[in-house]
Amino acid sequence: GSLLPVFSQDEVTKHRSLEDGVWVTYKGGVYDITEFVAMHPGGNKILLAAGGALEPFWALYAVHDQEHVLEILSEYKVGELCEEDLKKQQASKPSDPFSSDPERHPVLQVNTLKPFNAEPPPEILSDSYITPSAFFFKRNHLPVPQLDQASYRLQVEGLPQGVLSLSLEDLKTKFPKHTVTVTLQCAGNRRGDMNKVKPVKGLNWGVAAIGNAKWSGARLRDVLLAAGFEPGVAQWARHVQFEGLDKDVTGTSYGASIPLNKAIGEEGDVLLAYEMNGEDIPRDHGYPVRVVVPGVVGARNVKWLGKIVVSAEESSSHWQQQDYKGFAPGTDWNQVDFESAPAIQELPVQSAITVPADGAVIHHSDETLTVAGYAWSGGGREVIRVDVSLDGGKTWQVAQLRSGDKGQAPEPSPPPGRAWAWKLWEITAPLPPEAEELEIICKAVDSSYNVQPDTVPPIWNLRGLLSNAWHRVTVRLRR
Ligand code: HEM
Ligand code: MTE
């Protein structure tokens, strides 16, 4: 027995604007969310559900599949939907927009299924210098679009010469093919460490939202030149925007932009990639074409690329304007001003321990302990050193770095300022005879002598981005 009034769907439907009030239904409950609209972290999109059911929209945005979201909703309950209309609603189940997503490798640790977000176990990540595509982290905001290589077209817009439309065949045959080894890292990699300090909003990534692949394709620079870009033309241009072919319920695509100088520079190495590790790019990673922006945060590496726009402005996309920005540790959700913060582009220096796992039990019959991990920095800055401590930071040893698999020839050293790929590192050290527990720490130094901050609190931010404090794992020793 609820004491709340019962409403018909017709009554709910009357409330679909801020003037008339915004009502929605969820699992048979009726909610007046008028006041919440302005506070919604996902912005104005919430109005799309006004006067109707939340379920078809929440099916697309798994971010709502959390207890705290339901708690917010419950505050706005005003009644129940009448039985008859609820039955009608349930009879017209929305089709699952994710039903054509590709198969994924079972070893991936799933963060959310719809959209699909997953990372490999850390010890698998450091097994190979080139991350196999099946193990490469996947970060999707929307369903994976179904694209056909024969009808695929890439539009290049914004230059005085007009629109250039390229087929996949054009990209492959009209431009030289370049192959670059590039590490991609999500801005949210290691968010889990920030969550431990104070809860943040976002997927709770471990240390493996990063991977290193060989990408092949046409240079963005070559395509922009073919579209009519040349020095003196388009002097107003400052940015290059990218639009994906993955769409949300409103038909809005994923989008992002990068500075023009990165896009056009001879040393930027930005690719319109159609191969990953020597094969067609897998669907999860952007088939048939994605942008690869070396040294720059994953979010700008737009997958399922449909459009390139040379422009005076950054992308107006939610992900360029309202997300993927850094803030001070004291900034909370009431004060945060996304407009005044610059979008993240180049990432800071990073490293993490992949072996042993946090909480592992090490048997003392082994007299030495091997610690392994990865290290990388944004902006083409090369990692020049990784320091490892087995005693919580009292003493440090320098790890061995490699740019290839063990027993294989390393990749040739990159030109200065163009170190786009990570280094794997390893150290084997005697186990301290007395200790029962070890705090193992790693920290990397890049070619600008940037170092990682030692602790999380001074870099904590409400979105949990840019989490690059010294990485620490604790292991127990057993005799
Ligand atoms: C994010 C609540 C309806 C789209 C969120 C978050 C909350 C929330 C609490 C942040 C979750 C987190 O990051 O932990 C609600 C409530 C709704 C509602 C209470 C209904 C009363 C909708 C609708 C849509 C939508 C109808 C789409 C049409 C989004 C999107 C985000 C989001 C895209 C992600 C924003 C981001 O990651 O920056 N919502 N939401 N929401 N919501 Fe909603
Ligand atoms: N491009 C499109 N079109 N849609 C997306 O959801 N996610 C971005 C970026 N490009 C995304 C996208 C983010 S946040 C990251 S970290 C990388 O893709 C992840 O690339 P991956 O899934 O190939 O690892």
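Start at glutamine 66: an N or O atom in its side chain sits 2.9 Å from an oxygen atom of ligand 1. Keep in mind that this is a predicted model, so treat that distance as a computed one. Histidine 318 also reaches an oxygen atom of ligand 1, with a side-chain N or O atom 3.3 Å away. Histidine 40 goes for a nitrogen atom of the ligand instead, and its polar side-chain atom lies 2.8 Å from that nitrogen.

Now step back to the whole shell. Ligand 1 has 22 residues around it, and the closest are His40, Trp58, His64, Gln66 and His68. Where do helices come in? Helix H2 (55-58) and helix H3 (67-74) each give at least two residues to the shell. H3 makes the largest contribution, with four residues.

Then there's the sheet. Five strands line up as E1-E5-E4-E3-E2 in an open sheet with mixed pairing. Strand E1 (6-7) and strand E2 (16-17) are at the edges with a single partner strand each, so one side of each has no neighbour in the sheet. As a general point, strands of a sheet pair through backbone hydrogen bonds, either parallel or antiparallel. For an antiparallel case here, look at strand E3 (residues 21-26) and strand E4 (residues 29-32), which pair over four bridges.

Conventions. Residues numbered from 1 in each chain as written. Chains lettered and ligands numbered in written order. Predicted model: local features only at pLDDT ≥ 70, side-chain atom pairs only at ≥ 80, totals over all residues. Heavy atoms only, no water. Near = heavy atom within 4 Å. Polar contact = N/O pair within 3.5 Å; in protein donor to acceptor, adjacent residues only side chain to side chain. Pairing = 2+ DSSP bridges.
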